[in-house]
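Colleague: I would like to learn how to read packing and pockets in a model. Where do we begin?

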Amino acid sequence: MVLSDRTIKEEIAKKRIVIEPLDPACIQPASIDVHLDRKLLVFRSWRSPFYIDVRRNLEDLTEIVEIEDEKPFFLQPGEFVLGSTLESITLPDDIVGRLEGKSSLGRIGLLIHSTAGYVDPGWQGHLTLELSNVAKLPITLYYGMKIGQVSFLRLTSAAERLYGDEGLGSKYQGQIEPTASRYYQDFEKK
């Protein structure tokens with residue numbers, strides 16, 4: 001069941017859902033608006049190797065750039081970068097989140113996630129955004145702009161194992177900035 005604004009406010013008051021910082025005006029009828037943080041993780045296409053190997057750490061292929069206060073980052077057509085939410089989100093053992101884009105941004109070709117829209121119970125940290133421009137023109141990204149919304153759903157019962165529990169292979173618990181894929185770690189465990 002999707003939580004209404006009333007229930008979201010109750011869960012925040014009980015400190016079961018924690019969102020910092022939280023502007024109460026960002027609470028929508030069944031979601032909370034989230035904003036784009038300053039740091040973006042971009043791919044350096046001129047680095048070697050000229051492909052992404054899912055078995056390798058991607059640190060050599062990426063670099064952090066920062067969006068200045070009033071100067072936008074131009075996301076080029078077909079470009080893909082990682083961003084993160086300004087807000088840190090913490091969820092209890094019986095609530096999951098769903099990250100979705102703002103429809104006004106989708107209408108200009110900005111996608112904020114392709115696969116990473118699910119927020120597990122027990123999650124703590126800033127959400128990484130998978131920003132893609134599917135338009136034919138560059139799109140400006142500004143620090144602090146509304147970038148998406150998170151809705152919340154209650155589980156049928158509390159989860160037995162929370163995101164971050166030992167043995168689950170959780171790779172991103174507590175992240176505070178855009179984090180490159182750690183998929184390569186799955187190969188290291190074999």
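Modeller: Begin with contact, which means heavy atoms within 4.5 Å. This is a predicted model. In that sense of contact, the buried residues of helix 1 (residues 5-13) pack against strand 2 (32-35), strand 7 (95-101) and strand 12 (146-154).

Colleague: Which residues of helix 1 are buried?

Modeller: Buried means under 20% relative accessible area, and exposed means over 50%. In helix 1, Thr7, Ile8 and Glu11 are buried. Viewed along the helix axis, these buried residues fall within an arc of 105°, so they line one face of helix 1.

Colleague: Why do residues three or four places apart point the same way in an α-helix?

Modeller: An α-helix has 3.6 residues a turn, so residues at that spacing point the same way.

Colleague: Which residues are exposed on the other side of helix 1?

Modeller: Arg6 and Ala13 are exposed there. Just after helix 1 comes lysine 15, with a positive phi of about 65°.

Colleague: Now a single residue. Is glycine 125 buried or exposed?

Modeller: Glycine 125 is buried, its relative accessible area being 6%. This glycine belongs to strand 10. Leaving out residues up to four places away in sequence, glycine 125 touches Glu87, Ser88, Ile89, Gly174 and Gln175.

Colleague: How far is glycine 125 from threonine 85, in sequence and in space?

Modeller: They are 40 residues apart in sequence, and their C-alpha atoms are 9.2 Å apart.

Colleague: On to pockets. How much space lies in the largest pocket?

Modeller: The largest pocket holds about 670 Å³ of space. Its lining has 27 residues, and those nearest its centre are Thr115, Ala116, Thr128, Glu130 and Tyr172.

Colleague: Which strands each supply at least two residues of that lining?

Modeller: Strand 6 (80-90), strand 9 (118-119) and strand 10 (124-133) do. The largest share, three residues, comes from strand 10.

Colleague: How do the lining residues of the largest pocket divide into nonpolar, polar and charged?

Modeller: There are 17 nonpolar, six polar and four charged residues in that lining.

Colleague: And what lines the second largest pocket?

Modeller: The lining of the second largest pocket consists of Leu41, Asn57, Glu59, Thr62, Thr179, Ala180, Ser181, Arg182, Tyr184 and Gln185. Three of these residues are nonpolar, five polar and two charged. The space in the second largest pocket is about 170 Å³.

How values were computed: Residues are numbered from 1 along each chain as its sequence is written. This is a predicted model: local features need pLDDT of at least 70, side-chain atom pairs count only at pLDDT 80 or more; totals for chains, interfaces and linings use all residues. Side-chain values use heavy atoms; hydrogens and water are left out. On a 1 Å grid over the protein atoms alone, a cavity is a set of points where a 1.4 Å probe fits but cannot get out, and a pocket is an open set with protein on both sides within 12 Å along at least five of seven lines; lining residues have an atom within 4 Å of a point. Grid points are joined across faces, edges and corners, and a volume is the space filled by probe spheres set on the points. Helices (H or I, at least four residues) and strands (E, at least two) are DSSP runs, numbered from the N terminus. Ala, Val, Leu, Ile, Met, Phe, Trp, Tyr, Cys and Pro count as nonpolar, Asp, Glu, Lys and Arg as charged, and the others, Gly among them, as polar. Buried means under 20% relative accessible area, exposed over 50%, partly exposed in between (1.4 Å probe, protein chains only). The arc is that of the directions from the helix axis to the C-beta atoms.
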